[in-house]
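Dear colleague,

Please find the structure below, together with its sequence.

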Amino acid sequence: MRTNTFKKVWGMPLLLAILTLFGLLAALLGTGVWYGLAWLALLVPLAIIVWKAGAR
Amino acid sequence: MSTLKSIKRWFWWHRWSSLICTLFLLMLCLTGLPLIFGEEIEGWLNPTHYENLPKEMPKANLDQMVNIAKARYPKQYISYVFVDDDEPQVLVNMAPSHNPVDPLRHALQFDSRTGKLLKDEPPADKMPATFIGIMFDLHRAMFLDLPGELFLGLMGILFVISIISGVVLYGPFMKKLDFGTVRNGRSKRLKWLDLHNLLGIATAVWLFVVGATGVINELSTPLFGIWQITDVKTMLAKFQGSPVAKQDELSSLQAAYNTAQKAVPGMAITSIVFPGYPFGSPYHYLLWAKGNTPLTSQLFNPVLVDAPSGKLTMVMKMPVYLRALELSRPLHFGNYGGVPLKIIWVLFDVVAIVVLISGVYLWIVRRKFYEAYFNSLGNED
């Protein structure tokens, strides 16, 4: 019961947190393809916001 | 967690840290927006038109530029010389005194390839204000220099506390709701509570990183000050008793530059601080060199060249706290990942503004709303 609630509440936030951290660091430490990956990773939280906030 | 008492305590921290800092954070987010593209905007508003010359053309001799500068202002000191690696310019900064914020300090702009004087800028107190300059002074210190920097640093700390407490509160508030639920019914307050929580949790890491690095950046003056009175002082103690290098008895700047470059091959020397300037050494040229990978281009190493003789003294090591400061800059500005990263920064900044304003709205309409809501959360165990 407890773990299910934890996953439900924190699953997405943790995923978004990891993607954000990855994006921020990838662009700092790498170049080339890492830039592209960083941009994609950072766009995910923004896209989720648009999707959920825009849903009717 | 999630006893009613615990929720209320975290909520108290969240409410008060947020309320106190929100106005200032809104100012920071709004002034931050144009600053993200600050260099580009300045480039449109105040461009320098450089001669079109082949890229491989060798750079002009720095001594030539120093001599032109000294001929124009024989009674002034050279504070530092900036060698730009983005544009083909060299800036020779001069002032009538050694005061780093002398109102009469000014710069002479040279073409780095021909050594020609492009512009003899007016003194600091006569320089026309630029839009980006104003945004930057507002953002960094509200025009109040060090006290302003420290005050905004404190607001940044409150912001970080507000983010952490906000994340903690997300748990109990979302126990019975699917992720991303925005209750769009009759209650505007409920809708905005859901939006505030969704936008806040989705961007929490970015808010935290930009907030925390903002705080560290506001501490640059004290951090550099600590370095000056510890490592630098210790290093300079060895030279106690040597004559202070007088500006008309200095060895060639170009030679010092070349000597330093040999000591740090592969790095780019971006500025040379002259003896006499407070953020340097009384006996040396202090040359700042940065690396050539995305990460090391943010990390600078100081090279000391004995000013009267031109001999290499040492390459200094930077302490951990200054390395942290150096890394806080790109992570705060978002300027290290090309234009797409800057656009992403703008988008997150806009989300931050919505989080801040919705937070204020929720506080304004708090009253009966929260009492009932809290009790329902507390009863759900």
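**Helices α5 and α6 of chain B**

In chain B, the residues B:V167, B:Y170 and B:F173 of α5(B) meet B:L193, B:N197 and B:I201 of α6(B), where contact means heavy atoms within 4.5 Å. By class, the residues of this contact of α5(B) with α6(B) are five nonpolar, one polar and no charged. Here Ala, Val, Leu, Ile, Met, Phe, Trp, Tyr, Cys and Pro count as nonpolar, Asp, Glu, Lys and Arg as charged, and the others, Gly among them, as polar.

Please note that this is a predicted model, in which local features need pLDDT of at least 70 and side-chain atom pairs count only at pLDDT 80 or more, while totals for chains, interfaces and linings use all residues. Residues are numbered from 1 along each chain as its sequence is written, chains are lettered from A and ligands numbered from 1 in the order in which they are written, and side-chain values use heavy atoms, with hydrogens and water left out.

Helix α5 (residues 145-173) and helix α6 (residues 188-202) of chain B pack at an angle of about 125°, with their axes 10 Å apart. That makes α5(B) oblique to α6(B). Helices are DSSP runs (H or I, at least four residues), numbered from the N terminus. Axes are lines fitted to C-alpha atoms, for helices over the stretch in contact, and angles run from 0 to 180 degrees between N-to-C directions. Angles under 35 degrees count as roughly parallel, over 145 as roughly antiparallel, 65 to 115 as roughly perpendicular and the rest as oblique.

**Helix α1 of chain B and its partners**

Helix α1 (residues 4-36) of chain B and α5(B) have axes that come within 7 Å and cross at roughly 140°. That makes α1(B) oblique to α5(B). The residues of the contact of α1(B) with α5(B) divide into 19 nonpolar, six polar and no charged.

The axes of α1(B) and α2(B) come within 5 Å, crossing at roughly 65°. In this pair, B:P34, B:L35 and B:I36 of α1(B) meet B:G38, B:E40 and B:I41 of α2(B). The contact of α1(B) with α2(B) has four nonpolar, one polar and one charged residues.

**Salt bridges**

Side chains of opposite charge can pair when their charged atoms come close. A salt bridge is a side-chain nitrogen of Lys or Arg within 4 Å of a carboxyl oxygen of Asp or Glu. By this rule there are eleven salt bridges over all chains. One of them joins B:E40 to B:K342, with the closest N and O atoms 2.7 Å apart. B:E40 lies in helix α2 (residues 38-45) of chain B and B:K342 in helix α11 (residues 338-364) of chain B, so the pair ties together parts that are 302 residues apart in sequence.

**The interface of chains A and B**

In the interface, 36 residues of chain B are in contact with 28 residues of chain A. The area buried between the two chains is about 2,700 Å², of which carbon and sulfur atoms give 79%. Buried area is the accessible area (1.4 Å probe) that two parts lose on being put together, summed over both. B:F179, B:V205 and B:Y336 supply 22% of the area that chain B buries against chain A, more than any other three residues. The count between chain B and chain A is one salt bridge, and the side chains of B:D178 and A:K8 meet in a salt bridge (4.0 Å, N to O).

Yours sincerely

Note on methods:
Helix = DSSP H or I, 4+ residues; strand = E, 2+ residues; numbered from the N terminus.
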